[in-house]
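Here is a short report on how one protein model is put together. Look over the structure first, then read on.

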Amino acid sequence: MTRAGEETYTTYEQSGRQGDVSISTDGLPDWLDPVVRAADTVQPHQLSRFLPPESGRGRQSAVLVLFGEGARGPELLLMERAGTLRSHAGQPSFPGGALDPEDGDPATTGPLRAALREAEEETGLDPSGVQPFGVLPKLYIPVSGFVVTPVLGWWRTPSPVGAVDPAETARVFTVPVADLTDPDNRAMALHPSGHAGPAFLVEGALVWGFTAGVIDRLLHFAGWERPWDRTREVPLDWRA
């Protein structure tokens, strides 16, 4: 079963490697309907208390929140950053990074190009098999000064993925949504600074920080969240 929808961005020409890109909900699987509705209605303050500075400071960036369908049903694509990186070393994350000038306008089409370009560079996926179907409000990562646009994608035609550059990416993996919603896999990550945030213990990794926050809010607003023990804490290393 699939659903029909309308394009919300006009397809545009891209002079770089990825070709035409547009946002469209046409032909998505029915199970993504709640995510589409959440993307259309969620407000920035409902996703995070860390929002872009009013001054306009911050480096524009984008991440690809890529939904696919695996052997155990819906799943998300994640990667683990190399432990030698200066920023967010060793953390599981969505593929993504800073916008390049050739990506275009950060207020319109730039994040789409950047998310797909970075995902290809980091995981080797074929961007032509990815259908962007929405964007979430821009969020802010204070520790690194990034203003991040989460781009939602449907992995319409899956392609092989893996760590393209070990200096940047330790591994690439998928996580079933069923594991992300399993209460046994949920906890609060306790930072040495005293800040606590949602975390997921999946696929041999502790997913926390910005990535876990976006996943947590998507599960909540899509109606997929199951009750879990918010008093369960996992301490983070002081270097986190």
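Which residue in strand 10 does Met 188 stand opposite? Met 188 stands opposite Pro 198.

## Basis

This is a predicted model, in which local features need pLDDT of at least 70, side-chain atom pairs count only at pLDDT 80 or more, and totals for chains, interfaces and linings use all residues. Residues are numbered from 1 along each chain as its sequence is written, and side-chain values use heavy atoms, leaving out hydrogens and water.

## The sheet

Strand 9 (residues 186-190) pairs with strand 10 (residues 196-202) in the antiparallel sense, over five bridges. Strands are DSSP runs of E, at least two residues; helices are runs of H or I, at least four; both are numbered from the N terminus. Two strands pair if DSSP finds at least two bridges between them.

The open sheet has four strands in the order 11-10-9-12, with mixed pairing. Strand 11 (205-207) and strand 12 (233-235) are the edges, each pairing on one side only. From one strand to the next, the twist averages 40°. Helix 5 packs on this sheet and touches strand 9, strand 10 and strand 11. Its direction makes about 85° with that of strand 10. Axes are lines fitted to C-alpha atoms, for helices over the stretch in contact; angles run from 0 to 180 degrees between N-to-C directions.

## The cores

The largest nonpolar core has 37 residues. Such a core joins buried (under 20% relative accessible area, 1.4 Å probe, protein chains only) Ala, Val, Leu, Ile, Met, Phe, Trp, Tyr and Cys residues through side-chain atoms within 4.5 Å. Helix 5 (residues 209-221) gives the largest share, five residues. Phe 67 and Phe 133 have the most contacts inside this core.

Leaving aside neighbours within four places in sequence, Phe 67 is in contact (heavy atoms within 4.5 Å) with residues including Trp 31, Phe 133, Trp 155 and Leu 218.

Conventions
Buried means under 20% relative accessible area, exposed over 50%, partly exposed in between (1.4 Å probe, protein chains only).
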